[in-house]
Structure formats: C-alpha cells, structure tokens
Amino acid sequence: MSDIAERERTLASRLRLAVVRLNRRLRAQRADSALTLSQLSALSCLHKAGSMTPGELASKEGVQPPSMTRVIAALEENGLVVRRPHPTDGRQAIVEVTEPGVARVEEEVTIRERWLDQHLAELDAEELEVLSRASEIIDRLASR
C-alpha cells in the first residue's frame, strides 16, 4: 500500500472513530432516560422534517414499520406526539409533534450543546478555527 493510501486509510479510520466517540458522548448527555434513544431519534426526526405517516417515519429512521408503531405508541403515551387522520387516505394516519414534544427536543439539544460548549471553551483560538473548518468539511461529506 502506498504512503498516501495508508495515510488516507488512517485518516478515515481516525475520523470515523472520533465522530463515533463524540456522538456517543453527546448522546450520553440526556435530560433523563425515560425515552429510549430510538424514541428520541423519531421525535427529533418529526421535529426536524415535520408531520408524516408512520411508514414515512420508519423509512427515514431505517426501521421496520412494526418497530416504529411501538415507538410512536410510546411517544403518544407520553404526550409527545399525536396521530391524526390522513387528509386523503383513510387507512393512514399522520404523526405530528405536540408542544411538549417540541420542548423535549429543544431541551435535549440544549443539554448536548451546553456540554459541547463547555468543552469547546477549553480549546485555544487556533483549535477552534480548525474545528470550525473541519465541521464544514464533515458536513459536506455527510451531505453526499
């Protein structure tokens, strides 16, 4: 393997591990553990993408519809989402986030960003600039 290929493989490996570790640390910053990560993910998806059918939500979340049905039921039981009739298809329902659901997502985001802000405050200006540029590049990679 050439030196360039080895460096690229190593960078890919280091970047993947760093992103996974940061994601784990951020996910560990939770308001409470009453919701599962799957429930929180589905709630966040609905908050970001808007109301949709359970099937659409299952597809976006990469899970099977029966699994999503259980997730939606738990969120509904907690008052975080509601189901309403589909406007054109009587066999379908539309799931939407309630005001308490929006508040819960915003609380989770605030807690995670506060944790990250505290740790970013420990870095110097040069490190912050590098991270700022890296976040732009990572976002571009993730968008492909």
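Reader: At what angle do α3 and α4 pack?

Author: In this predicted model, the angle between α3 and α4 is about 105 degrees, and their axes lie 9 Å apart. Because angles from 65 to 115 degrees count as roughly perpendicular, α3 is described as roughly perpendicular to α4.

Reader: And which residues in α3 and α4 meet there?

Author: From α3 the residues are Pro54, Leu57, Ala58 and Glu61, and on the α4 side they meet Pro65, Met68 and Ile72.

Reader: What about α2 and α3, how do their axes cross?

Author: The axes of α2 and α3 cross at roughly 110 degrees and come within 10 Å, so these two helices are also roughly perpendicular to each other. On the α2 side the contact is made by Ser41, Ala42, Cys45, Leu46 and Ala49, while α3 contributes Leu57, Lys60 and Glu61.

Reader: Which residues is Cys45 in contact with, leaving aside neighbours within four places in sequence?

Author: With those neighbours left aside, Cys45 is in contact with Gly50, Met52, Leu57, Lys60 and Glu61. As for Ala31, 14 residues away in sequence, its C-alpha is 18 Å from that of Cys45.

Reader: Switching over to α5, how do the axes of α2 and α5 cross?

Author: They cross at roughly 110 degrees and come within 10 Å, and α2 and α5 are therefore roughly perpendicular to each other. The residues making this contact are Leu37, Leu40, Leu43, Ser44 and His47 of α2, together with Gly101, Val102, Arg104, Val105, Glu106, Glu108 and Arg112 of α5.

Reader: Is Glu108 buried or exposed?

Author: Glu108 lies in helix α5, which covers residues 99–120, and is buried, with a relative accessible area of 3%. Not counting residues up to four places away in sequence, Glu108 touches Gln29, Arg30, Ala31, Asp32 and Leu40.

Reader: Now the largest nonpolar core: which of its 18 residues touch the most other members?

Author: Those are Leu43, Leu46, Leu57, Met68, Leu75 and Val81. The elements that give two or more residues to this core are α2 (37–49), α3 (54–61), α4 (65–77) and β2 (93–97), and α2 gives the most, with 5 residues.

Reader: What does Leu43 touch, apart from residues up to four places away in sequence?

Author: Leu43 touches Leu35, Leu75, Leu80, Val81, Val97, Gly101, Arg104 and Val105.

Reader: Where is Thr53 found, and is Thr53 buried or exposed?

Author: Thr53 is in the loop between α2 and α3 and is buried, with a relative accessible area of 9%. Beyond residues up to four places away in sequence, Thr53 touches His86, Gln92, Ala93 and Ile94.

Reader: Last one, what caps the N-terminal end of α6?

Author: Asp124 does, with a side-chain oxygen 3.1 Å from the backbone nitrogen of Glu126. Helix α6 itself covers residues 125–142, and its 18 residues reach 25 Å from first C-alpha to last, close to the 26 Å expected at 1.5 Å a residue.

Notes. Residues numbered from 1 in each chain as written. Predicted model: local features only at pLDDT ≥ 70, side-chain atom pairs only at ≥ 80, totals over all residues. Heavy atoms only, no water. Core = buried A, V, L, I, M, F, W, Y, C linked by side-chain atoms within 4.5 Å. Buried < 20%, exposed > 50% of the residue type's maximum accessible area, 1.4 Å probe, protein only. Helix = DSSP H or I, 4+ residues; strand = E, 2+ residues; numbered from the N terminus. Contact = heavy atoms within 4.5 Å. Expected span 1.5 Å × (residues − 1). Polar contact = N/O pair within 3.5 Å; in protein donor to acceptor, adjacent residues only side chain to side chain. Axes fitted to C-alpha atoms, helices over the stretch in contact; angles between N-to-C directions. Parallel < 35°, antiparallel > 145°, perpendicular 65-115°, else oblique.
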